[in-house]
Amino acid sequence: MRSLSLLPLLALPLSALAGFKFEYSGDKLAAAKQKRAAATEPKTTPATFNGKSVPPLPELKGSDLDTTIAHGYWFVEFFSPYCSHCQDFAPTWQTLYEYYYTQDPVPQATEAEGVENDLNSFTRYYDFHFARVDCVANGDACSEKKISSFPTVVLFKDGKEVKQVTGARALKYESEWVEEILESIRPGTRPQGGPKLPKVGATSAEAVIPNAPTNTAAAAAAAAVVAGGAAAAEAAKSTVQATRLGTGQQQHGPPNPNGKSTPLTAENFQRQVTMTRDPWFIKFYVPWCSHCQALAPNWQGMARQMEGRLNIGEVNCDVEKRLCKDVKVRGFPTILFFRGGERIEYDGLRGLGDLVSYANKAVAVAEGVLDIDAAGFEEMEKKEEVIFLYFYDHATTSEDFAALERLVMSLIGHAKLVKTNDTALAERFKISTWPRLLVSRDGKATYYTALSPRDMRDYRRVLNWMQGVWLPIVPELTAANAPEVMNGKLVVLGILSRDRPEEFVVAKREIKNAALEWIDKQTQAFQLERQELRDAKQLRIEEAEDRNDQRALRAAKSIHINMEELERKEVGFTWVDGVLWERWIRTTFGIDPVSVGGEKVIVNDEDNKRYWDNTITGNPIVPSRTSILETLPRIVANPPKIAPKSTTTALGHVWWVVKGQMWEHPIISGAVGVVLFGVLALWGRRAVGRGAASYPGYFRVGEKGGANPMDGLLGGNIGGQGGKKD
């Protein structure tokens with residue numbers, strides 16, 4: 001790949017290069033012209049591929065570029081005839097064009113041999129076109145499309161740029177991209193695993209007819225559909241419907257047309273769910289389960305509201321035991337969302353409103369990661385509390401976008417994920433490196449710290465970070481999010497009441513202000529700590545250089561600063577309706593929220609079963625920015641400067657302390673366990689011995705009197721000392 005920044009005449013705009021000619025001399029000039037002509041100049045005569053005539057690859061002019069690509073999908077290469085990378089890539093692009101242009105989207109049957117090829121053409125069936133643009137001859141158009149390097153391949157949909165990839169890529173890479181696009185246009189029509197590609201420059205390849213109908217009537221009907229023959233298609237409608245749901249295809253028509261939950265079996269589950277890209281919301285149940293019975297009305301109500309929007313299904317695990325085992329259902333009911341071979345478990349509340357809310361968000365998954373500009377992002381901020389924003393540029397690869405798309409399923413019901421290359425948003429969030437990921441919560445940005453492309457494509461690592469920040473800055477504590485909100489951190493818990501609207505609004509605002517200010521302080525502390533570590537590394541490097549110690553210099557340069565390994569006490573903020581959670585608040589913290597008289601704040605440490613409800617002066621913590629921010633540093637300190645209170649009984653507190661020590665010191669705990677086991681074993685052995693000696697039906701070999709047990713039974717002492725008869 002050659003960048004424009006490396007070309008001569010950097011200061012000139014692309015349009016000024018239109019009449020520019022490079023000067024060579026002698027044989028070099030002739031060789032360069034021949035190579036350029038053979039590689040980049042468009043062919044004026046039709047080529048032949050698989051025995052079919054292929055017209056010259058369209059070369060678009062700048063004046064009519066926007067008009068030409070205004071409708072359908074356009075796969076366009078932007079090149080320069082003077083770019084060696086473009087010359088090397090030209091045969092690959094030509095082979096890709098010839099291979100796909102000559103494909104038949106549906107098979108030609110005997111009865112349909114009269115149908116002209118153009119009616120069954122790849123271009124017409126998918127509305128997908130190949131083209132190229134010479135950026136030396138059309139500099140203004142390339143500049144307008146923000147083409148900065150050659151070659152650059154851009155996908156347009158109805159005139160709008162969808163994706164841009166820079167650099168000469170292999171035929172397999174380009175084909176995978178094309179296959180992904182075609183599958184999204186007509187799901188289920190592409191061969192699984194991709195087609196068998198020809199070699200670059202070849203004139204033939206193995207013909208691929210994906211999901212071909214098996215009878216001539218179906219073939220004729222399919223050809224008629226492609227050709228736009230409404231009468232022929234209607235005549236063969238029943239035959240086409242019989243083959244429409246073949247392996248790997250997607251159902252036609254709107255989802256859930258009847259507004260009902262569809263009973264699924266092992267057979268139709270694979271055909272309708274596993275082998276398609278249709279989204280499905282499915283419950284796995286058994287009829288005798290009381291929780292399943294309670295869920296049933298809400299599930300049917302949600303299915304009615306999702307009519308025409310989302311497929312709803314159910315599986316009776318008493319009947320379909322093998323299917324439920326394959327899906328790894330471990331409890332009832334289990335609710336899963338499926339799409340394109342991926343699935344995610346729904347673990348929220350089971351009320352009708354909760355199910356409908358999740359289903360509405362699941363519908364948006366089909367849209368993928370939306371591209372958004374600054375104005376659209378501002379509108380989204382008015383509706384969404386949490387938005388993940390992915391910044392990309394022209395160098396972002398398809399692997400980066402593929403890794404991003406994998407995250408969408410896991411974010412359903414939690415947050416929105418969008419992408420952008422808008423310079424206004426980059427300026428707003430001070431983005432200087434691409435790609436970059438951040439989360440905006442109430443307008444407050446938190447950045448994903450890993451910057452290398454490999455880390456950005458690490459699905460598990462990125463998702464773990466997302467799960468830590470996908471809650472609003474101050475969420476409401478509910479039964480669904482309680483473990484996520486409370487575990488693993490100190491939590492500033494505001495006990496509020498909706499029955500006092502004015503105090504409720506003011507208290508929420510104060511808690512949010514305290515949270516925002518605390519986050520700012522922690523961000524500053526994080527940056528200062530990172531800078532201190534960098535300074536320490538630089539000092540070691542300079543010291544090694546002064547001593548000319550190469551070994552120490554290599555060791556100093558190899559120091560990796562990983563801020564994620566530093567231990568920090570994370571602080572979260574939340575609020576709870578004291579009236580709804582009255583019983584839990586009273587039994588856990590000993591507070592009656594109904595009669596407490598005003599809002600109250602507690603700092604809870606769920607992991608250690610302790611909490612704080614007073615400031616350093618002994619006064620209650622109140623929902624005030626000042627009260628919270630003055631108290632938090634004293635609680636976060638190690639050890640805390642304010643004595644905590646226990647949320648458990650004395651015996652329970654001892655158990656938590658012992659368990660914590662065992663977890664922190666496993667070797668010592670193991671040694672103590674071995675000693676205790678030995679003591680118990682020794683004590684048990686002695687206890688058995690004492691019990692055996694006193695048990696009348698037991699004797700020891702060798703003891704006097706034990707040789708003849710009948711002596712005892714006849715009136716003699718068991719000890720062996722005979723007694724006199726009276």
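## Strands and pairing

Two strands pair if DSSP finds at least two bridges between them. Strands are DSSP runs (E, at least two residues), and helices are runs of H or I (at least four), numbered from the N terminus.

The model is predicted: local features need pLDDT of at least 70, side-chain atom pairs count only at pLDDT 80 or more, and totals for chains, interfaces and linings use all residues. Residues are numbered from 1 along each chain as its sequence is written, and side-chain values use heavy atoms, without hydrogens and water.

## The sheet

Strand E15 (residues 386–391) runs parallel to strand E16 (residues 416–420), paired over five bridges. Ile387 has Lys416 in E16 as its bridge partner. Helix H18 (residues 459–469) packs on the sheet. H18 touches E15, E16, strand E17 (436–441) and E18 (contact means heavy atoms within 4.5 Å). Its direction makes about 15° with that of E17 (angles run from 0 to 180 degrees between N-to-C directions; axes are lines fitted to C-alpha atoms, for helices over the stretch in contact).

The open sheet has five strands, in the order E14-E16-E15-E17-E18, with mixed pairing. Strands E14 (370–371) and E18 (444–447) are the edges, each pairing on one side only.

## Two packed helices

Helix H20 (residues 501–547) packs against helix H23 (residues 625–636) at about 45°, with axes 9 Å apart.
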